[in-house]
Amino acid sequence: MRVSLNWLREFVDLPESAETLRPILDDLGLVVEEVCHTGGGLEQVVVARVEEIRPIQGADRIRLVTVEAGEGPVEIVCGAMNFDVGAHVPLAPVGSVLPGGVVIAERTMRGVTSHGMLCSARELGLGDGQDGLMVLDSYVNPVPGESLSEVLRVGPDAIFDISVEGNRPDAWSIEGVARDLAARLGRPRRTPVVATSPSTTKTSNYAQAGIDDSKLCGRFTVTALRHVTVGPSPPWVVERLTRAGVRPISNVVDASNLVMLELGQPTHPYDADLVAGRSLRARRARPGELLTTLDGVERTLAVKGRGLGDTGEDCVIVDGDDVVVGLAGIMGGASSEISPTTTDVLLEAAYFDPMAIARSSKRHGLRSEASHRFERGVDPNLALRAAARFVAVLTESSPDLEWLSDPLDVWGYVPEPSTIELRDGDVERLLGVEVPLDDATSLLSALGFVVTGSGTALVVTAPTNRPDVRSSAAGRADVIEEIARLYGYSRLPRRTPSWPNAGGLTARQRLRRRLRDVVVDGGALEVWTPSLGGDDDFERVNPSVERVRVTNPFSLDESVLRATLLTGMVRAWVKNYDRGVGDVVLAEFGVVFYHPNTTSQPRITKGGLRGSLSLALPRENERATVLFGRREDDARVAVATWHRVASRLGLADVVVRTSADALPGLHPTRSAVLEDRSSGAVLGYVGEVDPSLVGALEGPSHRRLGILDLDVDALCDPSRATRRSGKVRDPSRFPSAIFDLAFVVPEVVNAQDLAYSLGRSHEYVESVVLFDSFRSSSLATDSRGLAYAIRLSSAVGTLNDDDVVAARSSLIEAAATLGAVLR
C-alpha cells in the first residue's frame with residue numbers, strides 16, 4: 001500500500017522526515033519496503049493570466065500568448081487551444097525545472113521567441129489529461145504570480161510503500177497508519193472534514209434500500225445526491241490518487257476512491273437514473289445470473305467453485321426490478337456506471353461477510369482495492385462517516401449538489417467485538433518485560449480499545465475495526481501484541497537462550513541422516529511427490545480400503561491423503577522415462593497416512609504407526625522409498641542396496657522373507673518382507689514394482705523396476721529393529737578350518753534362517769556364507785539344495801581333527817532342527 005507522508009500529516013503532526021519515520025513504522029509492524037520522493041519541480045511554476053492571444057504568421061497550430069505573472073507581460077508560444085483571454089494557467093518561467101528533469105529555456109519558433117512554457121496537467125505530474133493546458137479557474141480562485149504548489153495544495157512528498165499484513169484490516173488506510181503513529185508518538189490525531197449540512201429532503205422520499213441475506217451483508221447504507229456535475233477532480237485529489245497508484249477518472253469516482261484510501265471504507269456510486277426504482281438491495285445471487293462488470297467482462301454468478309469449501313455463493317446488488325447491478329464488495333456493473341451525463345447519484349457504503357467476498361473474488365479471478373479490504377474485514381460502523389466524507393470531497397468540484405438527509409441504513413448480522421480479560425502479569429509472561437496496567441490502558445485506548453477495570457485485571461473490548469482480535473486466550477495474546485507494538489519491539493530486552501547441555505541431533509535424526517547418506521551415496525536422486533492424490537491413484541494400490549479425505553480440496557485430483565509413496569514415485573519415473581531420462585534411481589523420504597478406522601494394514605502395523613487408535617485422527621507413518629529405474633535394475637539390485645543399508649545402520653539380523661502378504665503395488669512373486677528376526681517386526685519391503693501398476697500409470701509395463709520401501713518409524717524403534725552390540729570379535733591368530741556343507745532343505749525354509757542356526761550351533765563357527773542354491777528333479781518334491789561355506793576358528797589354539805569333527809556334527813544337528821538333511 002502506497003502511503004503519502006503529506007496525507008499522513010493531515011491526521012497527525014509529523015515534523016519528522018521520511019527517513020526518521022521509516023524505522024518507527026517498521027517497529028509498529030507496518031514494514032516499509034521502499035520510500036520514494038516525488039512532487040518536486042513545481043516550486044518555480046506560477047499562476048499566469050492570459051492577457052492576449054495572437055496568431056503567428058505562417059503557423060496554424062501555434063499561437064503567441066501574452067500572459068501576466070506578476071512581473072509584467074511575458075510572451076509565450078503555445079500550441080494548446082483550450083483557453084481564452086482571461087483564463088489562469090500554469091507558467092514555467094525560463095530556467096525552471098519541471099518534474100522529470102525538463103529544463104525550460106527560451107525557444108524561437110517561426111521567428112517568435114517563447115520566454116517560458118504554459119503547462120498541461122500531465123507535464124506537471126498532476127494527471128493524465130491530454131486536452132491542452134491546465135486551466136485553473138475550474139478549481140480555485142488564482143492570483144497571477146502565486147506559486148502553483150500553494151494554490152493547488154500540492155508539493156514535494158515522500159511515498160511509503162508499506163507491506164500491510166492480512167491480519168491488520170485497520171491499517172489498510174491512511175487513517176489507520178496515522179492512528180498507529182499517533183498512538184506510538186503520543187500525539188493527538190485529527191479527523192478529516194465531513195459534510196454536515198444535508199438538505200431537508202429525506203432520502204427515503206427518493207430512494208429505497210434493503211438486505212435480503214443478512215449473513216452475506218451485515219450493513220447496507222444508501223446516500224442520495226442530486227444535481228451533481230460530473231467533471232475532473234481538483235488537482236489535490238488527482239495528486240493523492242496518482243501518488244497512491246490509482247488512476248483518476250472523474251470527480252465522482254475519484255471521491256469514492258479517495259475515501260476508500262483515506263478511511264478504509266470502500267464505497268460505490270451508481271447513476272440513479274440507471275437504477276430501476278432508485279432501489280438498491282443486497283441479496284444472494286441465483287445460479288446462472290449474468291453481470292457485465294465495469295471491466296467489460298460478462299460474468300456468470302453463483303457457479304460452485306473448486307476448493308476452499310466454495311459453495312458458489314455470490315453477494316450481489318440488485319435494483320428495483322431485481323436485476324443485478326453490482327458484484328457486492330468487488331466491482332460494480334457497467335449498466336449503472338457514472339458517466340459525464342450523470343446528475344443524480346446513489347452512493348452505496350456497506351459491510352459484507354469477509355469470507356463471502358474472498359471466495360467470490362477468487363472464483364471470478366477479480367481482485368480490486370475494494371475486495372482487498374472487504375475480505376479482511378471493514379469496520380461496520382464506518383459506512384455513514386465515509387459517505388459524509390465522500391460528499392465533502394465531491395462538493396469542492398460540484399458545489400451545487402444536493403445531499404438528501406437521513407441516508408438509508410439497513411442492518412443485518414454483524415459480529416460482536418471481542419472482549420478479553422487482561423490480568424496482572426500476563427504481559428510480562430508473554431513479552432518478558434513488565435508493562436504496568438495503567439500504561440497498557442493508555443496504549444490500548446490510543447488505538448480505540450475500550451478498557452475498563454483497574455487493580456489486578458482489565459477488561460478490554462476491541463474496536464469494531466479490529467476483527468482480527470480473537471476471544472479467550474488467543475485474544476489475550478492479540479491484545480498483548482498490540483501493547484508490544486506500541487511499547488516498541490526494539491525496547492523489548494534481548495536474551496540469548498542458554499542450556500546446561502549443548503544441542504545435538506536426536507537418535508532419530510542421526511538415523512535418518514545416515515539412511516539418506518547411504519541411499520544418495522548409491523546414486524539415488526532425492527525427489528518430492530505430492531502428499532495429496534485422487535481416488536484413482538488410491539484404488540490402484542489400496543482398493544476398498546478407507547482413506548483420509550480432505551474436506552476442502554482444491555481439486556478432485558488432490559482430495560485424498562496418500563497411503564504409500566509408491567504411486568507418486570512411479571508416476572515421477574514415468575515422466576522422466578517419457579522424456580528420455582528413465583535410467584535413474586529415485587528416493588523419497590516422506591509421510592503416509594492411514595484412516596483411524598483402518599486396523600489391518602498389510603504387515604506394516606506392529607506398532608509402526610505414529611498416533612493413537614483412540615484418537616479420531618489420521619495415523620502417520622514415515623517411510624523411505626527407493627525406486628530403481630535403470631535398465632539393469634531389478635529385485636536383486638534392490639536386495640543388494642538393502643544389505644548396504646542394514647550394514648550402515650548396524651542392524652543385527654534382518655531376514656529377507658517371501659510372503660503372500662506383500663505390500664500393495666509390488667510384484668506378487670518378486671517381492672519380500674524385511675523382518676527383524678528377534679522382534680518379528682516388519683521393517684519394510686524389497687522387490688519389484690507390479691507391472692500392472694506401471695502400465696496403469698502409462699509407463700512401460702515390460703520394464704522391471706526395483707523397489708526398496710522402509711518403515712523409518714520401525715527402524716528408529718530399538719524394540720523392533722535389533723542392532724549389533726557394538727563389540728568387535730578379535731581375529732584368531734591361529735589357522736582356520738574351511739569346508740563346505742550342502743543340505744536338502746524344504747522350500748518353506750528360508751536360507752537366512754538356516755544360516756542363522758548354523759552360525760549359532762558351535763563356538764568355533766566364525767562365518768557361514770551361502771554360495772549355491774539349486775533345484776533338481778533328483779531332489780524331493782518341494783525342496784531345494786543349499787550349499788554353505790563354513791569357516792571355523794579358535795582364539796586359544798589350532799583346531800585339531802576332533803575339534804573340527806565335533807563342530808561339523810553340531811552344524812548338521814542344528815540344520816536338522818529345520819528339516820535340512822546333509823547331502
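**Close-up 1. Residues through which helix α2 meets helix α4 in the predicted model.** On the α2 side the contact involves Ile24, Leu25 and Asp27, and these meet Val177, Leu181, Arg184 and Leu185 of α4. Sorted by class, the contact of α2 with α4 comprises five nonpolar and two charged residues, with no polar residue taking part.

**Close-up 2. Axes of helices α2 and α4.** Two packed helices are described by the angle between their axes together with the distance between those axes. Here the axes of α2 and α4, the latter spanning residues 174–185, come within 11 Å and cross at roughly 95°. Because angles of 65 to 115 degrees count as roughly perpendicular, α2 is roughly perpendicular to α4.

**Close-up 3. Helix α2 against the strands β2 and β12.** Helix α2, which covers residues 18–27, lies across both β2 and β12, and its direction is at about 160° to that of β2.

**Close-up 4. The open sheet of three strands.** The strands follow the order β1-β12-β2 and their pairing is antiparallel. The edge strands are β1 (2–4) and β2 (31–38), each of which pairs on one side only, and from one strand to the next the twist averages 25°.

**Close-up 5. Pairing of β1 with β12.** Strands of a sheet pair through backbone hydrogen bonds, in either a parallel or an antiparallel manner. In this view β1 and β12, the latter made up of residues 157–163, run antiparallel and are joined by three bridges. Within this part of the sheet, Ser4 stands opposite Ile159, a residue of β12.

Methods
Residues numbered from 1 in each chain as written. Predicted model: local features only at pLDDT ≥ 70, side-chain atom pairs only at ≥ 80, totals over all residues. Heavy atoms only, no water. Pairing = 2+ DSSP bridges. Helix = DSSP H or I, 4+ residues; strand = E, 2+ residues; numbered from the N terminus. Axes fitted to C-alpha atoms, helices over the stretch in contact; angles between N-to-C directions. Contact = heavy atoms within 4.5 Å. Parallel < 35°, antiparallel > 145°, perpendicular 65-115°, else oblique. Nonpolar A, V, L, I, M, F, W, Y, C, P; charged D, E, K, R; others polar.
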